[in-house]
Amino acid sequence: MSLNHQILRQLDQFDLHILKVLSHDGRISVTELSDRVGLSKSPCQVRLKRLQSEGYIKGFRAELNAQMLGLEHVAFAEVKLRDTSERSLNAFNAAVGKITEVEQCHMIAGQFDYLLKVRTKDIQAYRRVLGEQISTLPNVLSTSTYVSMQSVKESGMLVV
């Protein structure tokens, strides 16, 4: 049995329901949350604190409107490294985390090493980020860019 299945077996139906409700509405009050999951307020609050302390809930944040903030341009960059030793991967990981325009970074098994989701105001801003920051990251051999024409789904919610 995988570790994920073992962890999920430790969560009961109330825990899973709390996680599901919060994934849709992280600002819900504990009173409303307790009503929605069928628990009284105190036990619901205890479970909520436990889910946070055990790491099931990593945090709460606002979902910002990228269009209203002038950050509509999304590009995906494939990155190949010269060297994939553990030291090189760690150096890349540390450096890419400092680029604010990189919204997501995934190590990939395949023909390239990383896939980056990069959000900027326009293609010119992306070109600057690519040339001045991404291409100069430790051990970068090459990059390839795919520009998103439309976001069809971006929920960020987990199904439990």
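Q: Why is valine 118 called buried?
A: Its relative accessible area is 0%. Buried means under 20%, so valine 118 qualifies. Bear in mind that this is a predicted model.

Q: Where does valine 118 sit, and what is it in contact with?
A: Valine 118 belongs to strand 3. Setting aside neighbours within four places in sequence, its contacts include Val74, Ala75, Val102, Tyr126 and Ile134. Alanine 75 is the residue standing opposite valine 118. As for leucine 130, it is 12 residues away from valine 118 in sequence and 9.2 Å away in space, C-alpha to C-alpha.

Q: How do you know that strand 1 and strand 3 pair up?
A: Count the bridges: 7 of them join strand 1 to strand 3, and the two run antiparallel. Pairing takes at least two bridges, so strand 1 and strand 3 pass.

Q: What makes strand 2 and strand 4 edge strands?
A: Start with the whole sheet, which is open, has 4 strands in the order 2-3-1-4 and pairs them antiparallel. Strand 2 (102–107) and strand 4 (140–147) each have a single partner strand, so one side of each has no neighbour in the sheet. From one strand to the next, the twist averages 20 degrees.

Q: Which helix lies across strand 1, strand 2, strand 3 and strand 4?
A: That's helix 6, residues 123–134, and it runs at about 135 degrees to strand 3.

Q: What makes glutamate 103 and lysine 117 a salt bridge?
A: Side chains of opposite charge can pair when their charged atoms come close. Here the N to O distance is 2.9 Å, and the cut-off is within 4 Å, so glutamate 103 and lysine 117 count as a salt bridge. Glutamate 103 is in strand 2 and lysine 117 in strand 3, so the pair ties together parts 14 residues apart in sequence.

Q: Is lysine 117 buried or exposed, and why?
A: Lysine 117 is buried, because its relative accessibility is 7% and buried means under 20%. Glutamate 103, at 38%, counts as partly exposed.

Q: What is the N to O distance between glutamate 154 and lysine 117?
A: It's 2.4 Å, in a salt bridge between the two side chains. This pair links distant parts of the chain, with glutamate 154 in the segment after strand 4 and lysine 117 in strand 3, 37 residues apart. Glutamate 154 is at 44% relative accessibility, so it counts as partly exposed.

Q: Why does the pair of glutamate 32 and arginine 36 count as a salt bridge?
A: Their closest N and O atoms are 3.9 Å apart, and the rule asks for within 4 Å, so the pair gets in. Both residues lie in helix 3 (residues 30–37), 4 residues apart, about one turn of the helix. Glutamate 32 is partly exposed at 39%, and arginine 36 is partly exposed at 42%.

Q: How many salt bridges does the rule give?
A: The count comes to 9. Some share partners, joining Asp12, Asp15, Arg47, Arg50 and Glu54 into one network.

Key:
Residues are numbered from 1 along each chain as its sequence is written. This is a predicted model: local features need pLDDT of at least 70, side-chain atom pairs count only at pLDDT 80 or more; totals for chains, interfaces and linings use all residues. Side-chain values use heavy atoms; hydrogens and water are left out. Axes are lines fitted to C-alpha atoms, for helices over the stretch in contact, and angles run from 0 to 180 degrees between N-to-C directions. Contact means heavy atoms within 4.5 Å. Buried means under 20% relative accessible area, exposed over 50%, partly exposed in between (1.4 Å probe, protein chains only).
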